[in-house]
Amino acid sequence: MKRLNILALIVAFLWVSSSFALDLKKFEGHWVGSGKVIVSWCKQKKLNFDIKIDSKGKVSGKIGDAKIKEGKIYSNFLGILNRDYVIEVELEGFVVKKEKIKRKKMRLMVDTKGDYLIGAFRSSGLKIGDKNSMAMTGVDLVLKKVEKTKK
């Protein structure tokens with residue numbers, strides 16, 4: 001009986017996750033925009049994003065002054081982050097060079113609206129702290145698709 005319940009759970013999980021499969025074609029391209037920084041310790045109140053997503057879902061580009069070393073996009077089918085999709089990247093360099101704010105990772109939680117990705121962002125870091133330790137968070141993220149990436 002336990003095996004049947006476990007099998008049913010696995011089948012249900014696979015069915016639900018497949019219904020939220022990621023259509024990479026709608027994300028492939030060059031996305032440019034900005035988001036509003038909402039942490040009090042950052043003087044810069046807007047963060048720029050210049051992101052490219054290739055046909056395999058690989059993410060490159062820049063966030064603020066930092067280079068994206070590597071990144072991926074995936075469906076948030078469980079809805080944990082209140083958005084349909086997540087773009088996760090590893091960063092190299094300062095996010096805000098002028099203020100010497102550096103983070104290792106950034107997560108963009110987004111929904112699609114035509115040629116736009118809208119949502120919020122959060123970097124690696126603690127829930128409390130200062131510019132050296134706390135996560136940089138932001139809202140009102142709007143990225144516009146400006147062109148398809150070249151293969």
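## Barrel architecture

Eight strands, taken in the order β1-β2-β3-β4-β5-β8-β9-β10, close into a barrel with antiparallel pairing, where two strands count as paired if DSSP finds at least two bridges between them. From one strand to the next the twist averages 30°, the axes being lines fitted to C-alpha atoms, for helices over the stretch in contact, with angles that run from 0 to 180 degrees between N-to-C directions. The model is a predicted one, in which local features need pLDDT of at least 70 and side-chain atom pairs count only at pLDDT 80 or more, while totals for chains, interfaces and linings use all residues. Residues are numbered from 1 along each chain as its sequence is written, and side-chain values use heavy atoms, with hydrogens and water left out.

## Pairing around β10

Strand β10 (residues 137-147) pairs in the antiparallel sense with strand β1 (residues 29-37) over seven bridges. Within this pairing, V37 has G138 as its bridge partner in β10, and G33 has L143. Strand β9 (residues 116-123) also pairs with β10 in the antiparallel sense, here over six bridges, and I118 is bridged to V142 of β10.

D140, which lies in strand β10, has a positive phi of about 55° although it is not a glycine. With 54% relative accessibility, D140 counts as exposed, the classes being buried under 20% relative accessible area, exposed over 50% and partly exposed in between, for a 1.4 Å probe and protein chains only.

## Burial, surface and contacts

Of the 151 residues in the protein, 36% are buried. Among contacts between residues at least 6 apart in sequence, 50% join residues at least 24 apart, a contact meaning heavy atoms within 4.5 Å.

M134 lies in the loop between β9 and β10 and is buried, because its relative accessible area is 19%. Leaving aside residues up to four places away in sequence, M134 touches V39, W41, R103, S124, G125, L126, K127, I128 and G129. The C-alpha atoms of M134 and S124 are separated by 7.8 Å, although the two residues are ten apart along the chain.

## Aromatic rings and a charged neighbour

A search of the whole structure finds two aromatic pairs, the criterion being ring centres of Phe, Tyr or Trp (its six-membered ring) within 6.5 Å, with planes under 30 degrees apart called stacked, over 60 edge-to-face and the rest tilted. One of the pairs joins F27 and Y85 edge-to-face, at 4.7 Å centre to centre and 65° between the planes. This pair links distant parts of the chain, since F27 is in the loop between α1 (2-19) and β1 and Y85 in strand β5 (residues 85-92), 58 residues apart. F27 counts as buried at 0% relative accessibility, and Y85 is buried with a relative accessible area of 11%.

The charged end of K102 sits over the ring of F94, 5.5 Å from its centre; the test requires NZ of Lys or CZ of Arg within 6 Å of the ring centre and within 35 degrees of the ring normal.

## A positive phi in a loop

K100 is placed in the loop between β6 (94-96) and β7 (101-102), and its phi is near 55°, a positive value in a residue other than glycine. K100 counts as exposed, at 59% relative accessibility.

Definitions and conventions
Helices (H or I, at least four residues) and strands (E, at least two) are DSSP runs, numbered from the N terminus.
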